[in-house]
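The entries follow the order in which I looked things up.

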Amino acid sequence: MTLERTRVESLLDRERERFAAGHPRSRQLHERARDSLLDGVPMNWMTRWPGAFPVFVSSAGGSAITDVDGHAYVDLCLGDTGAMTGHSPEPTVAAIHEQLANGITTMLPTEDAAAVGEEMRRRFGLRDWQFTLTATDANRFMIRLAREITGRPKILVHDYCYHGSVDETVATVVDGEVRARVGSVGPPVDPALTTRVVDFNDVPALERELAAGDVAVVLAEPALTNIGIVLPEPDYHRRLRELTREAGTLLAIDETHTLCCGPGGYTAEHGLEPDFLTIGKPIGGGIPIGAYGFTAEVAERIRAHTIPEATDVGGVGGTLAANALSLAAARATLAEVLTDEAFERMIGLGARFERGVAETIEGAALPWSVTRLGCRVEYMFAPTPPRSGTEAAAAHDSELDALLHLYMLNRGILLTPFHMMALMSPATTDAEVDRHTAAFAEAAAELTG
Ligand SMILES: Cc1ncc(COP(=O)(O)O)c(C=O)c1O
């Protein structure tokens, strides 16, 4: 079955009008913000929400967001994972309040630092940990350290990956040549000098690129999540680990999004053995924090390369990194919010969401598919789930993407912008998932009826 484009366009026009008419206060605030903020938003990618202006938020709590026009939304975007805990979870908020009254940042460790280090070690299996303010920083510092201890210049990433605004990773491959991705802003150096790029699940390409012997570290999400979800084929991680070991290349697994697989992320669920693990976003319950962990062997190599009197010079660090507030928030979040029991519930909700979408796709004979990774679910405009970032990118349909985001927004449901992704929090309910299923079925009927 193919969808009629004129029908997609007319539905999109209707939903745009409905959105504009229903959000006068957001429109006003956007107009006001245009006087002081570039394009009326405090961070440029907020313009990527569908509609002529973004929704302005008045409050968020648990799985819900309320906007300045008084609409309540089921939030399945959850700050693109920054609020995977649900908004303002009580134990985290209590710990933050307590810490706020006792010093926010001192450039000295607190007991919370040791407790969070122990918990990260228990969950992910890596021995030593360091903390940053963001996952981007965790990746940047990890890459610096990997280069330093291997003496090699390059990293290897998957095509269409996202690891934050890390210069070396904003790269793609076109006709066998590495280039900056469209949208890479002012690349500092030609990424062909710093980066090798292979498609996800492409073992021969991995083998070929690692054979050059110049790759310090492979930085990989265990499943791609930023170009739609792309799952690894059954043998991919085994081969990735074997090939990196053979090549003397380190392996870094970025669990920032794939924490959705369980308390120890994809790594613990599937017994991966990375040399480094990086993470950020939800582990502070919304308070900025990132982390990178590494094996005892890597720790020894780092020590051997450390000049004690120059540790504040070398491109790894941050004055506010590992501040007392971040670590207090992370301690409470890990101990009391993102618990084993919470993951069990969240993953059950993800399966419920996936079932609802799959049944609708099948019932309406839509040429779409749905993929789940723990409590994260994505629907894609291709009949079979993509095997690589390239296939996932090819399935992108900006009109359908805009239509479905707006359709959901107008019916009180927020999906992650940029692609059709939904994430479950400990506060999400069955009824909220079913509300999405009903709206999705309504959209499917209008598109095909
Ligand atoms: C896998 C992955 N790593 C790192 C990051 C960077 O996170 P942050 O923007 O919080 O630094 C992201 C952001 O989406 C991500 O998806």
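I count a residue as buried under 20% relative accessible area, as exposed over 50% and as partly exposed in between, with a 1.4 Å probe and protein chains only. The model is predicted, and I take local features at pLDDT of at least 70 and side-chain atom pairs at pLDDT 80 or more, while totals for chains, interfaces and linings use all residues. Residues are numbered from 1 along each chain as its sequence is written, and side-chain values use heavy atoms, with hydrogens and water left out.

**Entry: strand 12**

I take helices (H or I, at least four residues) and strands (E, at least two) as DSSP runs, numbered from the N terminus. I looked up strand 12, residues 290-294, and found five of its five residues buried. Which way do its residues point? G290, Y292 and F294 point one way, A291 and G293 point the other way, and all are buried.

**Entry: partners of strand 12**

I call two strands paired if DSSP finds at least two bridges between them. Strand 4 (residues 128-132) is joined to strand 12 by five bridges, and the two run antiparallel. I noted D128 with F294 as its bridge partner, and T132 with G290. Strand 4 is largely enclosed by the rest of the structure, because four of its five residues are buried. Strand 11 (residues 276-279) also runs antiparallel to strand 12, with four bridges. In that pairing L277 stands opposite G293.

**Entry: the ligand**

How many residues surround the ligand? I found 13, and the closest are T136, N226, D254, H257 and K281; a residue is near if one of its heavy atoms lies within 4 Å of the molecule. By class, I listed two nonpolar, eight polar and three charged residues in this shell. Here Ala, Val, Leu, Ile, Met, Phe, Trp, Tyr, Cys and Pro count as nonpolar, Asp, Glu, Lys and Arg as charged, and the others, Gly among them, as polar. Helix 5 (residues 135-150) gives the largest share of the shell, three residues.

A ligand nitrogen is 2.6 Å from an N or O atom in the side chain of D254. A ligand oxygen is 3.2 Å from an N or O atom in the side chain of H257. A polar backbone atom of A135 is 3.4 Å from an oxygen atom of the ligand. Taken alone the ligand exposes 390 Å², and the protein buries 88% of that; the areas come from the Shrake-Rupley method with a 1.4 Å probe.

I then found an open sheet of three strands in the order 13-14-16, with antiparallel pairing. Its edge strands are strand 13 (369-373) and strand 16 (421-423), each pairing on one side only. Strand 13 and strand 14 (residues 376-380) pair over five bridges, and T371 stands opposite E378 in strand 14.

**Entry: two positive phi values**

Most residues other than glycine have a negative phi. I noted D175, which is not a glycine, with a positive phi of about 50 degrees. D175 lies in the loop between strand 6 (171-174) and strand 7 (177-180). D175 counts as exposed because its relative accessibility is 77%. A365 also has a positive phi, near 55 degrees, and is found in the loop between helix 11 (340-363) and strand 13. Is A365 exposed or partly exposed? At 44% relative accessibility, A365 counts as partly exposed.

Conventions: A polar contact is a pair of N or O atoms within 3.5 Å; within protein, one must be able to donate a hydrogen and the other to accept it, and residues adjacent in sequence count only if both atoms are side-chain atoms.
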